[in-house]
Amino acid sequence: MVCSCEDVSADDVTEAIAKGYTDIESVKRYTGFGTGMCQGKQCHATVATLLAREAKSRPEHVLPFTPRPPLNPTELSYWASVPVEPNVPVLGGVPAALGVTPGVHPLKPDVPVPARAQVVIIGAGIMGLALAYNLMRRGVTDVVLLEKGYLCHGASGRNGGGVRMQWGTATNIALARRSIELMKGFARETGINVWLRQGGYLFLAKGHEVAQKLERAAELHNRHGVNTRLLSLEGARDLVPGLSMKGVQLAAFNEEDGVIFPWAFLWGYAAALKKKGVRIETFTRVTGFEQSEGRVKKVLTDRGEIACEVAVLAAGAWSPPIAALAGVSLPNEPHRHEICSSEPLKPFLGPLVSVLDSGLYFSQSMRGEIVGGMGDPSEPPGMELGSTMRFLARYSQGLLEQLPNLSQVKILRQWSGPYDVTPDNSPILGRTPSLPNLLQMSGFVGHGFMMAPAVAERMAEWMCTGQPDELFTRFNLDRFAAGRLEREDMIIG
Amino acid sequence: MPRLDAEGTDISIELDGQAYPAKAGEPVACSLIAAGEPLFARSVKYHRPRGPYCFAAACSSCLMRVDGVPNVFTCRTAAKQGMRLERQNAFPSARLDMFAATDWVFMKGMNHHELLAGVPVAQDVMAVVARKLAGLGKIPDAPGPAREPALVQHAELVVVGGGVSGLAASQALLERGVDHLVLEREAFSGGRAAYGVPESHAVELPLPSPRVRYGHNVMGLFEDGRGRFLAVLANERLIQLYVKRLLVAVGSHPPLPAFANNDLPGIYAGRAVSRLLRRHRVLPGKRIAVVGEPGEAARLAGLVESFGGEPVAVGTEPVAAHGLNAVSSIEVKRRSGEHEKVACDAVAVCASGSPAFELARQGGARVVFDGTRFIVEADAEGRTAHPGVFVAGEQVGPCSVAESHERGRRVGVAL
């Protein structure tokens, strides 16, 4: 064993390296080493040594994975004991500005990127990978994906894995529904388990207005074939024993919603793509675009230029600065959302529970951890990926209010990711008005993971057949200038 | 007898409903070892037997459900009369665990990402089974005690760790009249100088500093609009300790060198064995194989012998441990290259520590790989990439107690 918390053997590490996971963050995610109760204290150096030997990495290329707070597992009750000042802007975060390496990444490959490709997709998160996968299924394999970090570095590797059909608009309901259908078949298609567990989503409403919103949403869901039920307090307690329902007026439940294991999704798509020769260039940054006659001719990177027919911007919350390199202004704003994971516990929590008023959500992962988060209205916009104690305090208070028996359960690890927020909480899709061969695929406001399989399927069809699809006109970037907003209000986290 | 003297108050604790003797206040993991009980739990995936390894809350092998609270580090939990311990993840019992079959079936390892993926029905059945088997501890049956509101405190300079280097730095700071605090998670200071593997030549122990706050466990470094602060747990209360400058002197974690069955109960980090002997006066077995790094192994073997144990296979390279629920023999490679199987009751694995770089790194220090371990990058006076973060002792790489003292002193002088 190299990691006795998670039963990871030296052979498991070697196998991960053989599969191409040659940086420590990726080996951690693929094997699970360093994610247990000791958080890598026992095994980090052993795995690094194995990696240096097996992958023949030079020592300066062996970087530790980011050590996440807290330093030791710490009970929710202690974090909940910290008073929170509600209207103070959330500042700072740890680890100190090292979460994202600025400039050239030390693990940037020495070889140049391919000189040309039919399609260049910027961002190998769930959106970019799902799109490439769907293009591949339609026979388009001359595709290069550019990713500035390791696979799973962005928001696709940082989310809670919730998937739900309970949305506030017909379009989102339909997309999420299709996504869940595709997720069910994912393992058959790619040979990788994503552990979809349909334990349902249990929404709780405290305030009168939020309760009304739940009622309206349930009606909409039922009209579109989603069996959302409104529940009494007792009904909700039957689903989650021990739930206090303190201050809650109404609950809504759809049993087909659930949680998946996000990382496996990226690995599954990536493995399928690599088999067909699609290039996924990690640790590679986009530095600019070459344009002429109102079209993108080349995508410039820190590993050379790629001539292309079409470029797709699918970099989530990192999209606006990349779009700016092409002279395009996107209205998206990154907002930090923090999340944490508890120690592993035996299964006790079926659904994902969310208090819609506060944005608190929590669910139990396949490995038994309680994974959850809570948005903070005082969070200023900006690309900040550090973690705060304020979050731990607010989350612990919110969680213990509803599940007081968890007070001595310990937080193991916290991290954050950016929500890619647009003015109307709806995505930006389709052609860029000023640069028609630069396609937009961002702005999913923290909920892109669950939408990606369905959106990518539609987008690949639209790209390959040229048949009009209202998704790419309704959600086009031009709607902001035209004042034609598409509002969605069932946003949580 | 594994317990070497009769000092301390005799109490009784309960493990899975059975009574065991213990000494009040000692780590409860230590009580069980003294009672000849090295099997503490079953592991999360393959249900392999687990028993304490590091005695430093830096592995997960000693976790138990204690008085209804899951996943408690028993190496850090003081024994109390009537304490109820439960082995986790074991069905029907840790000694005879049904699911240990997983370990035999998947002897070559199990890639759960690909296992049965896409196989109709089997995939769904597996998902249900995997969910049922997941996790470690059972959730508590009732809410825990109410906590007092967190305290807010301020300090100019905080030394984290009251080991040799932290104390040496504190001494230098005291001599120069620099106000500071030393936070030590244990109830005693001196770290490995006090209870580690003895050094080859006598080392002068640093004096306990009057600035040490004992039982102060640093859980994290954070920041907000007011600046940086440490989250410190002390006396069952959280303290938000705002700090201008930080000296990280938290030493190293005991690594687990890779060899077959290195996770069997009865296999301990070398420094765990010296701690059991020197602090708790418990001999974890009669015949102890003292393997690994030859220098440290020879010194530890001397210590084992002086406590009445029988050191074997001293300074050899471990190849594979054997035993059902605890180690009973170990295959080692001697310096001559021969392999040999040696019977033993316990194994002590000597290896230089992996610097505990987490706190320094979170504070903005750079961490680099030296070929075998990650070390914090710092100059001779402990300066890191972050102007407010200094490091001393084993943070910058393995060193003797004497060197650690010297490093701590230099940083203290510079501060």
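This is a predicted model: local features need pLDDT of at least 70, side-chain atom pairs count only at pLDDT 80 or more; totals for chains, interfaces and linings use all residues.
Colleague: Why is chain B called as compact as a globular protein of its length?

Modeller: Chain B comprises nine helices and 25 strands. Its radius of gyration is 22 Å, close to the 22 Å that the globule rule gives for 415 residues, so chain B is as compact as a globular protein of that length. Along its principal axes, the C-alpha trace spans about 65 × 50 × 50 Å.

Colleague: What makes a residue of chain B count as buried, and what share of the 415 residues does so?

Modeller: A residue is buried if 20 or more other C-beta atoms lie within 10 Å of its own. In chain B, 53% of the 415 residues count as buried.

Colleague: Into which domains is chain B divided?

Modeller: Domain 1 covers 10-133, domain 2 covers 151-253 + 357-414, and domain 3 covers 267-350. The C-alpha centres of domain 1 of chain B and domain 2 of chain B are 33 Å apart.

Colleague: What makes strands β11 and β12 of chain B a pair?

Modeller: Two strands pair if DSSP finds at least two bridges between them. Strand β11 (residues 217-224) of chain B and strand β12 (residues 227-234) of chain B have seven bridges, in the antiparallel sense, and therefore they meet the requirement of at least two. In β12(B), V232(B) is the bridge partner of V218(B).

Colleague: How many residues does the hairpin use to join β11(B) to β12(B)?

Modeller: The hairpin joins β11(B) to β12(B) through two residues.

How values were computed: Residues are numbered from 1 along each chain as its sequence is written. Chains are lettered from A and ligands numbered from 1 in the order in which they are written. Domain bounds come from an automatic or database domain assignment. Helices (H or I, at least four residues) and strands (E, at least two) are DSSP runs, numbered from the N terminus. The radius of gyration is taken over C-alpha atoms; the globule rule is 2.2 Å times the number of residues to the power 0.38. A residue is buried if 20 or more other C-beta atoms lie within 10 Å of its own, exposed if 12 or fewer, and partly exposed in between; C-beta atoms are placed from the backbone.
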